[in-house]
Amino acid sequence: MAKWLNGVDDETMQRMNAPYSQSDEVNQKGVEAQNAYFAVKNWQGSGKAQAALDKWKNTGPFSYDPDSDSLFQSAKANAIANGKVAMQDTIGQASALTGGYGNSYATTAGSQAYQNYLKSLDDDLATYYQLALDQYQQNKNDLLTEYSIESERDDTDYSRLYNAYNVAQDRYNTDRSFDYGKWADEYQQAVSMAGMQNQDYWTQKNFDEEARRWQANYDESKRQFDANLAESQRQYDQNYYASTSSGSGGKSNGFTSQQYWDVTDDAKNIRDQYSDDPEKANQEVFRRANAAYNGGQMSDDEYISLLHNYIDGDWLERFTITDNNGNIVFNQSAYDEYINNATSNSNSGKSTGASPSIIDGFIGGAIKKKNR
């Protein structure tokens, strides 16, 4: 991502390329919401409501059997027992009326009393039927009531679980939204920072390029100016010394020419003027001596003496050698190497302290004069 950016620091690039990742706190909220969801999904209730409903459905239609009615059977047993007691009492009372002897009247009266109790039981059978029916209806109503109560409890439990799920889900959504918003803000800040750093990079790069071009143009202009100035100075010096010559064209082997002493004074002044720049001093002395020598104002011995006295030996040795006859002659190979290096450094913007054209004017002219 953002491979086109330049000048962006590693920290900003990492923040910008980092994908969103939930925090541990948000992950925990997500787990809680998921557990609450499955609690709702897997909830089946207590089962009590369904059991009551199943009982109600399986009750079947009402039917009455006196023989299985405990209340009726209890009443029946009491009626028989009481009928027997009434029958015995009635027979006893009737027998007493006849002197204590049993008779058909007494038996009939006793049997009638017994039957009266049984008839009373038969008369109450409808009441026991109704009691049984009422109990049947009450049992069914109780099952419906139990179903309703248990269903309400189940609904309450389900609502509690569902509400807990909603709370957990809302908490997760809220925390995740906040967490994502925080990441989005940091991401946007990183993007903005990367944009500014990228802009700064290209602004600086363009500035550096403009500065480089300006410096190159300045260096080339300065080089050309210095070369023209040096050439003008060389021609001026040469013309100056030529104009002060006696015009005889001859050369003395002694140190008697006034021009030699003039150049010697110039050499001393040059060394003093450029005391902190020996390279410049060497160049200027050599230029002045070369101009005077080419102008015919000093002899070979004067020229060589001046070079040795006012030019550093190591600088002079770079461009001259002594031949077998003891004469100082131009070192062409050293000169060519220096010119090549000077040209190369000039093209690359580096300075050697002198222009090839200047050195060529200094040395070339002098040696040509020397060798003729």
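The conversation below concerns a predicted model of a protein and some of its helices.

Visitor: How many helices and strands are there in the protein?

Guide: The protein has twelve helices and two strands. This is a predicted model.

Visitor: In what order do the elements run from the N terminus on?

Guide: The order is α-α-α-α-α-α-α-α-α-α-β-β-α-α.

Visitor: What percentage of the residues count as buried?

Guide: Of the 372 residues of the protein, 29% are counted as buried.

Visitor: And of the contacts between residues at least 6 apart in sequence, what percentage join residues at least 24 apart?

Guide: The figure for those contacts in the protein is 72%.

Visitor: Turning to α7, which residues does it cover, and how far does it reach?

Guide: Helix α7 takes in residues 258-273, 16 residues in total. From its first C-alpha to its last it reaches 23 Å, close to the 22 Å expected at 1.5 Å a residue.

Visitor: Which residues of α7 are buried?

Guide: They are Gln-259, Tyr-260, Val-263, Thr-264, Ala-267 and Ile-270. Viewed down the axis of α7, these buried residues fall within an arc of 140°, so they line one face of the helix.

Visitor: Why would residues a few places apart point the same way?

Guide: An α-helix has 3.6 residues a turn, so residues three or four places apart point the same way.

Visitor: What is exposed on the other side of α7?

Guide: Asp-272 and Gln-273 are exposed there.

Visitor: How do the axes of α7 and α9 cross?

Guide: The axis of α7 and that of helix α9, which spans residues 300-310, come within 11 Å and cross at roughly 15°. An angle under 35 degrees counts as roughly parallel, so α7 is roughly parallel to α9. The crossing of α7 past α9 is right-handed.

Visitor: Which residues meet there?

Guide: From α7, Tyr-260, Val-263, Thr-264, Ala-267, Lys-268 and Arg-271 take part. In α9 they meet Glu-302, Ser-305, Leu-306, Asn-309 and Tyr-310.

Visitor: Next, α8. How many of its residues are buried?

Guide: In α8, 14 of the 17 residues are buried, so the helix is largely enclosed by the rest of the structure. Helix α8 covers residues 278-294 and reaches 24 Å from its first C-alpha to its last, close to the 24 Å expected.

Visitor: What follows α8?

Guide: Gly-296 follows α8, and its phi is positive, near 80°.

Visitor: Is α8 parallel or antiparallel to α9?

Guide: The axes of α8 and α9 come within 10 Å and cross at roughly 175°. That makes α8 roughly antiparallel to α9. On the α8 side the contact is made by Asn-282, Val-285, Phe-286, Ala-289, Asn-290 and Tyr-293. On the α9 side it is made by Asp-300, Tyr-303, Leu-306, Leu-307 and Tyr-310.

Visitor: Where is Ala-281? Is Ala-281 buried or exposed?

Guide: Ala-281 is in helix α8. With a relative accessible area of 1%, Ala-281 is buried.

Visitor: What is Ala-281 in contact with, leaving aside its neighbours within four places in sequence?

Guide: Ala-281 is in contact with Ile-270, Arg-271 and Tyr-274. Its C-alpha is also 8.9 Å from that of Tyr-310, a residue 29 places away in sequence.

Visitor: A change of topic: where is Ser-23?

Guide: Ser-23 is in the loop between α1 (10-17) and α2 (24-41). Its relative accessibility is 21%, and it counts as partly exposed.

Visitor: How far apart are the C-alpha atoms of Ser-23 and Arg-176?

Guide: They are separated by 8.5 Å, although the two residues are 153 apart along the chain.

Conventions: Residues are numbered from 1 along each chain as its sequence is written. This is a predicted model: local features need pLDDT of at least 70, side-chain atom pairs count only at pLDDT 80 or more; totals for chains, interfaces and linings use all residues. Side-chain values use heavy atoms; hydrogens and water are left out. Helices (H or I, at least four residues) and strands (E, at least two) are DSSP runs, numbered from the N terminus. The expected span of a helix is 1.5 Å times one less than its number of residues. Buried means under 20% relative accessible area, exposed over 50%, partly exposed in between (1.4 Å probe, protein chains only). The arc is that of the directions from the helix axis to the C-beta atoms. Axes are lines fitted to C-alpha atoms, for helices over the stretch in contact, and angles run from 0 to 180 degrees between N-to-C directions. Angles under 35 degrees count as roughly parallel, over 145 as roughly antiparallel, 65 to 115 as roughly perpendicular and the rest as oblique. A crossing is left-handed if the near helix is turned anticlockwise from the far one by less than a right angle, and right-handed if clockwise. Contact means heavy atoms within 4.5 Å.
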